[in-house]
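These are my notebook entries on one structure. I record below what I looked up, entry by entry.

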Amino acid sequence: MGTLGGAGQAAAALRARTLGMEGEHRASQARSSDLPSGGGGAESPGGGAPFAGSSGSSTLLQADVLDLEEDEDDLEVFSKDASLMDMNSFSPMMPTSPLSMINQIKFEDETDLKDLFITVDAPESHVTTIETFITYRIITKTSRGEFDSSEFEVRRRYQDFLWLKGKLEEVHPTLIIPPLPEKFIVKGMVDRFNDDFIETRRKALHKFLNRIADHPTLTFNEDFKIFLTAQAWELSSHKKQGPGLLSRMGQTVRAVASSMRGVKNRPEEFMEMNNFIEIFSQKINLIDKISQRIYKEERDYFDEMKEYGPIHILWSASEEDLVDTLRGVASCIDKCCKATEKRMSGLSEVLLPVVHEYVLYSEMLMGVMKRRDQIQAELDSKVEALTYKKGDPDLLTEEIGKLEDKVECANNALKADWERWKLNMQNDIKSAFTDMAEENIHYYEQCLATWESFLTSQTDLHLEEDSEDKL
């Protein structure tokens with residue numbers, strides 16, 4: 001018992017020290033930042049976003065780092081005058097997230113800090129007289145007390161995911177809700193029941209739910225819990241409990257009216273945030289376009305290279321003196337084909353999904369800013385009505401007080417979530433590009449070693465033949 005007790009105390013002390021490091025890390029980030037404290041678009045733990053800076057005071061890395069060809073029309077956006085990313089975005093000294101700092105220290109008897117695990121798998125096709133659709137199995141494992149059981153298994157279709165996203169936006173209008181994959185055809189796929197399309201969507205839905213599960217606020221949303229645990233008929237019944245059609249139409253009309261009026265005095269921090277979103281959207285869409293083009297070119301190269309191996313084998317049948325050499329070339333080509341296929345798999349599974357997810361995030365962010373502006377526009381209209389005495393002063397004063405509280409809550413929620421999102425975005429994109437770079441290095445090293453080995457063997461063979469001829 002004494003040994004175990006001492007080990008437990010040591011573990012507790014080390015955990016406390018790690019948590020202390022987390023606090024010091026956050027404080028250090030706040031002190032080292034040269035941007036306005038509490039600002040939306042200007043703040044960024046760890047140095048900001050990798051694609052666009054939000055203020056002139058940020059230290060920026062110019063786009064010439066990418067060394068892009070100037071004669072490409074779709075690359076002209078990367079001019080030397082346009083800021084692409086924050087200097088610290090891809091720095092090896094970039095601090096990791098507080099959670100990853102804690103997770104660097106593991107104990108054999110210590111469980112993971114995460115208490116909600118979600119898996120989306122086993123897609124199934126359903127055919128009815130009206131429609132054909134796909135459902136996905138969702139397995140949830142949790143240790144949270146608010147759940148009735150530790151494990152749940154349900155099936156959901158895409159429309160159910162759309163409902164969940166809408167409910168989260170309704171309850172948390174200024175939180176950054178993770179994006180869903182597109183509803184219809186993705187990246188030129190012709191058949192939405194194509195296996196590749198279904199698998200791509202399954203991975204995106206899996207990421208969507210786990211993003212919500214990892215969110216400090218969204219993870220405790222009641223609709224999210226119901227989505228994970230309720231049977232199909234229960235979920236259908238719960239959906240019907242929402243506001244009626246007329247109520248939703250009224251909300252839509254008010255939102256449109258607010259957006260038409262616009263915001264007269266948007267706070268500076270949200271102006272910077274909005275500018276960041278616009279620049280980020282341009283950059284990430286361009287990177288998505290370039291990445292897709294690279295993948296297509298890589299696919300064409302792979303398809304062409306596959307034909308050369310059999311050609312050399314056939315050629316060797318008609319060249320008795322070159323049989324071994326031609327077969328050796330065919331073997332090298334075959335090995336390079338396999339390496340290329342592996343690299344393409346890494347590109348399609350590691351880089352492309354991350355980049356495209358943040359394309360969708362950029363659209364989500366624009367929606368978040370619109371919802372924030374709508375709340376402020378509603379407040380501005382009430383203040384204007386009170387100023388020009390367009391209604392009952394007492395009633396308007398009461399409504400203004402409620403709207404001021406609503407605006408403050410919305411602003412604080414967005415600012416806090418903005419920092420969390422930027423840090424996640426920075427880490428995700430850095431990790432994706434780093435992994436892809438390592439994969440490319442391994443690919444070229446493997447191909448180079450393959451050809452070097454073949455050429456060395458051929459050189460040794462020729463030297464041996466020359467020696468025999470001299471003798």
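Predicted model: local features only at pLDDT ≥ 70, side-chain atom pairs only at ≥ 80, totals over all residues.

Residues are numbered from 1 along each chain as its sequence is written, and side-chain values use heavy atoms, with hydrogens and water left out.

**Entry 1. The chain as a whole**

I looked up the secondary structure and found ten helices and five strands in the protein chain. Helices (H or I, at least four residues) and strands (E, at least two) are DSSP runs, numbered from the N terminus. The protein chain has 471 residues, of which 40% count as buried. Its accessible surface comes to about 27100 Å², by the Shrake-Rupley method with a 1.4 Å probe, where for residues only the protein chains shown count as cover. Carbon and sulfur atoms hold 54% of that surface.

I then turned to contacts, meaning heavy atoms within 4.5 Å. Among those between residues at least 6 apart in sequence, 73% join residues at least 24 apart.

**Entry 2. Salt bridges**

I searched the whole structure for salt bridges, each a side-chain nitrogen of Lys or Arg within 4 Å of a carboxyl oxygen of Asp or Glu. The search finds 22. As background, side chains of opposite charge can pair when their charged atoms come close.

Within it, the side chains of E357 and K207 meet at 3.6 Å, N to O. This pair links distant parts of the chain, with E357 in helix α9 and K207 in helix α4, 150 residues apart. The side chains of R211 and E357 meet at 3.0 Å, N to O. Since R211 lies in helix α4 and E357 in helix α9, this pair ties together parts that are 146 residues apart in sequence.

Are R211 and E357 buried or exposed? Both are buried, and E357 has a relative accessible area of 9%. K207 counts as partly exposed, at 35% relative accessibility.

D303 is partly exposed, with a relative accessible area of 31%, and K306 is partly exposed at 44%.

**Entry 3. The second largest pocket**

I took pockets from a 1 Å grid over the protein atoms alone: a pocket is an open set of points where a 1.4 Å probe fits, with protein on both sides within 12 Å along at least five of seven lines, and lining residues have an atom within 4 Å of a point. Grid points are joined across faces, edges and corners, and a volume is the space filled by probe spheres set on the points.

The second largest pocket holds about 1000 Å³ of space. Its lining has 30 residues, and T200, K203, S348, L352 and P353 lie nearest its centre. The elements giving two or more residues to the lining are α4 (195-214), α8 and α9 (323-387). Which element gives the most? I find that α4 does, with eleven residues.

By residue class, the lining divides into 14 nonpolar, five polar and eleven charged. Here Ala, Val, Leu, Ile, Met, Phe, Trp, Tyr, Cys and Pro count as nonpolar, Asp, Glu, Lys and Arg as charged, and the others, Gly among them, as polar.

**Entry 4. Single residues**

Q292 lies in helix α8 (residues 268-316) and is partly exposed, at 23% relative accessible area. Q292 and V355 are 63 residues apart in sequence and 10.0 Å apart in space, C-alpha to C-alpha.

V171 is in helix α3 (residues 158-171) and is partly exposed, at 43%. Leaving aside neighbours within four places in sequence, V171 is in contact with N221 and D223. The C-alpha atoms of V171 and N221 are separated by 8.7 Å, although the two residues are 50 apart along the chain.

Most residues other than glycine have a negative phi. I noted A122 for its positive phi, near 45°. A122 is in strand β3 (residues 116-127) and is partly exposed, with a relative accessible area of 30%.

Conventions
Buried < 20%, exposed > 50% of the residue type's maximum accessible area, 1.4 Å probe, protein only.
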